[in-house]
Amino acid sequence: MIDRPNNPRAFAEVVSIDVWRTPYANGTSEADLHIDVGFFEGRLGADALAGSPVRFRLSLKRAEIHVYRDQANIIEIPASSVAREALVASKAKTTTTQSKSMKGAVKAALSGKTPKLDLSVEAKGATEITKRIEKDEDLGEMRIAHRKMPDGRGYVFTIQPSTSQRLDGSAWDPATPRMKLRDTKAMRKRGDPPEVTVQIHCRREDLHIVDATVVDATVWNGGLLSRNKQIAVEQYIKKEVLAMGLPCGDLADSFATVILGDAVSVEEQ
């Protein structure tokens, strides 16, 4: 695996991923791995400055979180430590703003052991008071299943919505570890322990594409951009995936794999 920052880049409006681990504990050589993933409806190609020939909205119907051990297999994953919840409530933090207008004088009084202080502000018109309220909004439930990779390289978490058609919000509570990591060469005299890589996978059929608009049917990779919106969107997605240095299959195939983001674990400071 190639080390990359925790950033899905081109698809940052559609998926988010952040991966960290606790320091390896003395004696046990184990650390907790935390994975924070979120799913949203993103607008791709919406930035006119980027010169994108197509614009559309993208969200996911289903996704897989792949956790890969290091290539040398120095890091082990104890099977008993892997999170196994089957159903989780999806949440997202929402912010609302409330405004209230007041006419007349606004007075504030501060009193205590010190002499009382009166502050008076005369308002000829209206004084607007704004209050921001943040709360967690329930977005439905997600079904989660996990499996071990056949070659023993890691684990896969399959995520799909239970009460809606699309994935929306956080897949799980990132404060709860997904699994433990065990460093089998903790007594090394130099260097840092290797890290694990986490990727967000889906199939072409899992991409929910709406409101596709071709805005520039000129040249696309040396050829004429097809006026077929579906093909134009598939070309855009594949181009962006390859630009991130990730593999991408033929998106004309509904079972083709698409990797929308990857991250390498970092030690929590």
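Predicted model: local features only at pLDDT ≥ 70, side-chain atom pairs only at ≥ 80, totals over all residues.
In what order do the three strands of the open sheet sit?

**View 1. A three-strand open sheet.** The strands line up as β3-β4-β13, and they pair in antiparallel fashion. At the edges you'll find β3 (42-44) and β13 (207-214); each has a single partner strand, so one side of each has no neighbour in the sheet. Going from one strand to the next, the twist averages 20°.

**View 2. Where β3 meets β4.** Zoom in on β3 and strand β4 (residues 54-60), and you'll see an antiparallel pair joined by three bridges.

View 3. Helix α1 (residues 229-243) packs here and touches β3, β4 and β13. The helix direction makes about 110° with that of β13.

**View 4. The largest pocket.** This pocket holds about 190 Å³ of space. It's lined by 15 residues, and the closest to the pocket's centre are Y24, D183, A186, R188 and P193. As for the make-up of the lining, count six nonpolar, four polar and five charged residues.

View 5. Across the protein chain the mean pLDDT is 80, with 70% of residues at 70 or more. Strand β5 (residues 63-68) has the highest confidence, at 98, while strand β14 (residues 219-220) has the lowest, at a mean of 46.

**View 6. Two stretches with pLDDT under 50.** Residues 1-7 stay under 50 in pLDDT, and the model gives them 23 contacts beyond four places in sequence. Residues 104-124 also stay under 50, with 22 contacts beyond four places in sequence.

Conventions. Residues numbered from 1 in each chain as written. Heavy atoms only, no water. Pairing = 2+ DSSP bridges. Helix = DSSP H or I, 4+ residues; strand = E, 2+ residues; numbered from the N terminus. Axes fitted to C-alpha atoms, helices over the stretch in contact; angles between N-to-C directions. Contact = heavy atoms within 4.5 Å. 1 Å grid on protein atoms, 1.4 Å probe; cavity = no way out; pocket = protein on both sides within 12 Å on 5 of 7 lines; lining within 4 Å. Points joined across faces, edges and corners; volume = space filled by probe spheres on them. Nonpolar A, V, L, I, M, F, W, Y, C, P; charged D, E, K, R; others polar. pLDDT = per-residue confidence, 0-100.
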